[in-house]
Amino acid sequence: VGFNICSTLEGLRIPVEFISASGADGMGRTVVAECERRGIKHRIQVVNEHRTGVYVALFSSDGNLVGAVADMCIFDSLSPRLVGEVMRKCLVASARHALVLMDGNLRADTLYALTQWCTADGRLSWFESVSVEKCRRIVRGGGLASLSCLSCNRTELQALVEEAGLSYDGRLGAQGDVEVLTNQIGCDTLQNVLYLMRGSDIVLVVVTLGADGSFAASKVPLTATIDTLHQAYRSRGQTRTIYGAYLPAVPVEHVVSVSGAGDSYTAATVAGLLQGRNILDAAGLGHAVAATVLGCPSA
């Protein structure tokens, strides 16, 4: 996940630093070599006690995921202390508005430490959920309380809301808007976004809906840029308004594989924000890049 995201960011000319772990094996050396080939600045920690993480997926003839197995145990070595030391080194000279993107392969306590560090240092934190089970780590470790941005699919969103025990008994908003959004994304998804955003300080949520597109929700107008997101997070708790919009998927004539499409969507959306685009335009860039990945056999 991290490598996919960094590759997309670098391809869109966003400077990145990739913090990860690899084993002292051939696969680990391949990851390092590929980072260097693509111009990705990296701080990959070599862990002799584990194999490099691997993800093997099986796809149907129409490109849909049938099943997958993964061995990501090596990421348990990325403790809060180790990641904190690396973060201090690589971000000391970075822009004030640098964004730290983390994913659900990390330990719960490491996710918590990262969100706390971002909040204290005035940076936005972004969590990419990865899977239904792994997304729960941001809740179990306490990181959800200080998280600022989130990307997930609708089943991961449901898992996050359930794990956090969130609920919202207020009004959903103007009836006409609710009816339109409900038809586009489903009542459960809309309610879960409201539960999550009302019950936390998160200022931006993007929910991927597969072939149906995506849904973006924010505590600032969706025509706002990353500067306004920063301001909203710093003044968290002062707004009750949630702005939301459905974005249709970009048509793909022939889907080769869905592998990496979600990672590319997240990365391109983040890239759009860092390039100065507003939230809607950034999510639109995410769709465009994801569509390219869906039709690419080498993604």
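At what angle do helix α10 and helix α11 pack, and how far apart are their axes? In this predicted model, in which local features need pLDDT of at least 70 and side-chain atom pairs count only at pLDDT 80 or more, totals for chains, interfaces and linings use all residues. Residues are numbered from 1 along each chain as its sequence is written, and side-chain values use heavy atoms, with hydrogens and water left out.

Helix α10 (residues 261–274) and helix α11 (residues 279–294) pack at an angle of about 145°, and their axes lie 7 Å apart; axes are lines fitted to C-alpha atoms, for helices over the stretch in contact, and angles run from 0 to 180 degrees between N-to-C directions. On the α10 side, the residues in contact (heavy atoms within 4.5 Å) include Ala261, Tyr265 and Leu273, while those of α11 include Ile279, Leu285 and Val293. By class, this contact has 12 nonpolar, five polar and no charged residues, where Ala, Val, Leu, Ile, Met, Phe, Trp, Tyr, Cys and Pro count as nonpolar, Asp, Glu, Lys and Arg as charged, and the others, Gly among them, as polar.

The chain as a whole contains 11 helices and 10 strands, these being DSSP runs (H or I of at least four residues for helices, E of at least two for strands) numbered from the N terminus. Of its 299 residues, 45% count as buried, that is, under 20% relative accessible area with a 1.4 Å probe and protein chains only. Among contacts with a separation of 6 or more, 68% are accounted for by residues 24 or more positions apart.

Six strands form an open sheet of mixed pairing in the order β5-β6-β7-β8-β9-β10, two strands being taken to pair if DSSP finds at least two bridges between them. The edge strands, each pairing on one side only, are β5 (99–103) and β10 (243–247), and the twist averages 15° from one strand to the next. Strand β9 (residues 214–218) pairs with β10 in the antiparallel sense over five bridges, and Ser218 stands opposite Tyr243 in β10. Helix α4 (residues 108–121) packs on the sheet, where α4 touches β5 and β6 (124–128) and its direction makes about 170° with that of β5. Helix α11 lies across β8 (204–208), β9 and β10, and runs at about 25° to β10.

Ser7 has its place in helix α1 (residues 2–11) and is buried, with a relative accessible area of 14%. Leaving aside neighbours within four places in sequence, Ser7 is in contact with Arg38 and Ile40.

Technical notes: Buried means under 20% relative accessible area, exposed over 50%, partly exposed in between (1.4 Å probe, protein chains only).
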